[in-house]
Every structure is written in C-alpha cells, then in structure tokens.
Amino acid sequence: MKRKLAVLLAGTMVMASLVGCGSSDTATTETAASTEEAAETVEETAEETTEEAADDTAASGDLIKVGHAQVGHESDWRAANTQNFQDVFSEANGYDLAFVDSDNDNAAQIEAVRGFIQQEVDYIFLDPIETAGWDTVLQEAQDAGIPVIIVDRSVDADESLYTTAVGTDMVLEGETAGNWLAEYLNGEAANILVIEGTVGASATLGRTEGFNNVAAEHSEWTILDSQDGDFTQAGGQEVMESFIKSYSDFNVVVCQNDNEAYGAMDAMDAAGITYGVDGDVIIISFDATHDGLQYTLDGKINCNVECNPLQATFAEDVLKQLEAGEEVDKFTLVTDEAFVAPGITSQYATTMTQEVLDARAY
Ligand code: GZL
Ligand code: ZN
C-alpha cells in the first residue's frame, strides 16, 4: 500500500511542475512556442512516466512487501522452513519478500526487524531465535503501523505487541517424547542424557518442559545431564563427546533436533557405543525431517517427534485475513505427529515404513 501511494504522488508532482511553467510575454513568442513544444514533449514524457509508473505500480505496487527475519541456517528443518516461505511468498504469488538470515544471532535479528521498519514493509514475519529481548522493537513496529506475525518460535513479550502468531506446540512435542519413552520402557529404569537446542529458544524451553513434565512422573528415571547443542550437528557431536567422557551408564539420549542426533550418532560410533532398536542406547529426536525419518526407518533413531516446518501457508492465511480487514486469532496451531522405528507400536506415534517416508512433504 505504501508503495502505491508514493508512486502516484510522484506522478502528480511531475504533472504539477509542468502546469506551473509557461510564459505570457509575446516578445518571447518563439520561446513560448518552443516552450509549448517542449511542454508537450515533456507532457508526453510525463504521461509515459506516469504510464510506466502505472505499469510499475501494477507490476510492483500490488506486490505486498513482507520482511522475513529468519533464525539462521542451523538445521535441515530450518532449510525446509526457509524454502517454504520463499515458495509461498514469491513474486508470482504477489509478494516482494525481503529475507534476512540472522545466523542464530538474536541482536542481529532485532536489527533485521528494525531494517524492515525503515524499509516500510507491509508485514513482518519474525521467527525469534530467543524468546527474550523483543518488546522495544515490536513497539517500534507497532508505532510504524506494521503488523508483526510471529512464526515458528515464540517471544516472551506482551501479546498486545504483535498481531498474531503461527507455530507448533513445543511443550506437547516434549511430552509426546516422554510419553512414548514411558510406554517403551514400561517401568524399566532410564539414565537419560539430553542434548538441548539453542539456549533461550522457545523450541528448547518447550521441549525441555514437556519432557520433564513426564519425567517427573517416573521416579525410575534419572536425567543425568542436559547441555546446549545449539540445534546443529557439530553441537550434537561436541556435547555427546563430552557426555561419553563423563557418563558410562546412560541408556537414553534425547536430541532436541535431528541434526544434533546425527552428531550424537557420530560421537557414539567413534566410541563404539551402539544405539537404536538393536543397540544399547535409545535415541529420541525431534523435527522428523526426511533424513531424520530415514534414520528412524533404519532403526537408528527409536522415536522422532515431528515439528512441522511448512508454516508459510498458515502465515499467508492470516496475512490474507488481515489484508481483508478481518479479525485474526492470536495464535494458529500447526499440528505435529510422531514416528517410531519399525518393530515398535505406540499409541503416541506412527510406525515407520518406506511408504510413510515417501509420503512426506519435506
Ligand atoms: C522448531 C524450530 C527448531 C527446530 C530446529 O520449531 O524452531 O529450530 O526444531 C531448528 O531444527 O533449528
Ligand atoms: Zn515410570
């Protein structure tokens, strides 16, 4: 909308300056004539300019300018999520997408949102790396009249500071993992190591809270340790290597995303520790990305709890409602499910088969 107004104003100003010039003095008849000609030429040019501007407006002015402040490129899940936003918010679909990869740096991400405000985008999609620190810049966006749609992760800010949010239920994801483990262990003791996600991320906080809610019901479980693996494969490997140095009696490793699980498997392979349905250590992972489900199908990961990255269509739905001037819910839930290795049946999860893997959208 801002773009359209600016272009039309420019067109008007071009016309106004032409009408303002002109000469009444006959002595300068030639000049007047030539001025008239010049004015006609300029007018034609101006018409063209306005037409071009109109074409340009038709081409670009109708584009809704959206800014996407993305977490980073830390995981396969993130890559699928970024691709989904680029596919949905394409020029062909009527959008001018400004994308910033904040490289897992919360301060940089706050500046990215400030940049979108200066660019006067029509909407901001924010996937907050950490829940904290958002009040000031969200207030600035609100003062600038730019709706902010929180996507994927959540902010620890008053909900009056953003228009709406789209995401999954991270606490439920953690509880699903815990409930599956209790069903699978069926009363057996568990010494559990947890490789957490990025410190302060709602995905980390939610999954940890949910899993601990269930662990609290099982006195036969001990959570030996819980360290930050930053949702990366390198982080998962590093934490698992340090765990292996410190603990020898663990039989469950909870990885808060697939890339951490790949790193943990590398570390256990190097230490000769077996895992999966035929191994000594149970692996629980989150994300259910394609490769994560391949490992689950192969029996290397026992249970994989999905977190659906294809959230752009939900985000577009709420944006269209806002464009239409409709009220929107404060939160749109993107549902998840869970998957387990072949040979395991569970009330909380789908048993993996090749067909299940082939049917996945990411
Ligand atoms: C979860 C998402 C998390 C994924 C990780 O919604 O924010 O961030 O679980 C990603 O893979 O890094
Ligand atoms: Zn129990």
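A residue counts as buried when its relative accessible area is under 20%. By that cut-off, 48% of the 362 residues in this chain are buried. Keep in mind that the model is predicted.

**Stop 1: the whole chain**

Show the chain as a cartoon. It has 12 helices and 13 strands. Now think about contacts between residues at least 6 apart in sequence: 74% of them join residues at least 24 apart.

**Stop 2: the six-stranded sheet**

Select β2, β1, β3, β4, β5 and β11. In that order they form an open sheet of six strands with parallel pairing. Go to the edges, where β2 (95-101) and β11 (331-333) stand. Each has a single partner strand, so one side of each is left without a neighbour in the sheet.

Zoom in on β1 and β2. Seven bridges join these parallel strands. Pick A69 and you will find V100 of β2 opposite.

**Stop 3: strand β3**

Select residues 123-126. Which residues of β3 are buried on each side? Y123 and F125 are buried on one side, and I124 and L126 on the other, which leaves both faces of the strand covered. In a regular strand, side chains alternate between the two faces of the sheet.

Now check the partners. β1 (residues 64-70) pairs with β3 in the parallel sense over four bridges. Here G67 stands opposite I124. β4 (residues 148-151) also pairs with β3 in the parallel sense, over three bridges. There, the bridge partner of F125 is I149. Follow the chain from β3 through helix α5 (residues 135-143) to β4. This β-α-β crossover is right-handed.

Step back to the loop between α4 (106-118) and β3 and select E120. E120 is not a glycine, yet it has a positive phi of about 55°. Its relative accessibility is 47%, so E120 counts as partly exposed.

**Stop 4: the seven-stranded sheet**

Select β7, β6, β8, β9, β10, β12 and β13. This open sheet of seven strands has that order, with mixed pairing. The edge strands are β7 (221-228) and β13 (350-351), each pairing on one side only.

Move to β9 (residues 282-287). Four bridges join β9 to β10, and the two run parallel. Pick F286: its bridge partner in β10 is V305.

Next, find F231 in the loop between β7 and α8. F231 has a positive phi of about 65°, although it is not a glycine. Is F231 buried or exposed? F231 has a relative accessible area of 3%, so it is buried.

**Stop 5: helix α10**

Select residues 290-297. Within α10, G292, L293, T296 and L297 are buried. Look down the helix axis: the buried residues fall within an arc of 140°, so they line one face of the helix. Those residues pack against α9 (258-270), β10 (303-306), β12 (338-340) and α12 (354-358). Just after α10, click on G299, which takes a positive phi of about 80°.

**Stop 6: N308**

Select N308, in the loop between β10 and α11 (312-323). Its relative accessibility is 14%, so N308 counts as buried. What does N308 contact, leaving aside its neighbours within four places in sequence? The partners are W77, T168, V334, T335, D336 and Y362.

**Stop 7: the zinc ion**

Finish at ligand 2, the zinc ion. Its protein donors are H218 (ND1) and E220 (OE), lying 1.8 to 1.9 Å from the ion. Compare how these donors are placed. H218 is buried, with a relative accessible area of 17%. E220 is partly exposed, with a relative accessible area of 26%.

Note on methods
Residues numbered from 1 in each chain as written. Chains lettered and ligands numbered in written order. Predicted model: local features only at pLDDT ≥ 70, side-chain atom pairs only at ≥ 80, totals over all residues. Heavy atoms only, no water. Buried < 20%, exposed > 50% of the residue type's maximum accessible area, 1.4 Å probe, protein only. Arc of directions from axis to C-beta. Contact = heavy atoms within 4.5 Å. Pairing = 2+ DSSP bridges. Right-handed = clockwise from strand over helix to strand, strands pointing away. Donors = N, O, S within 2.8 Å, 3.2 Å for Na, K, Ca; no water.
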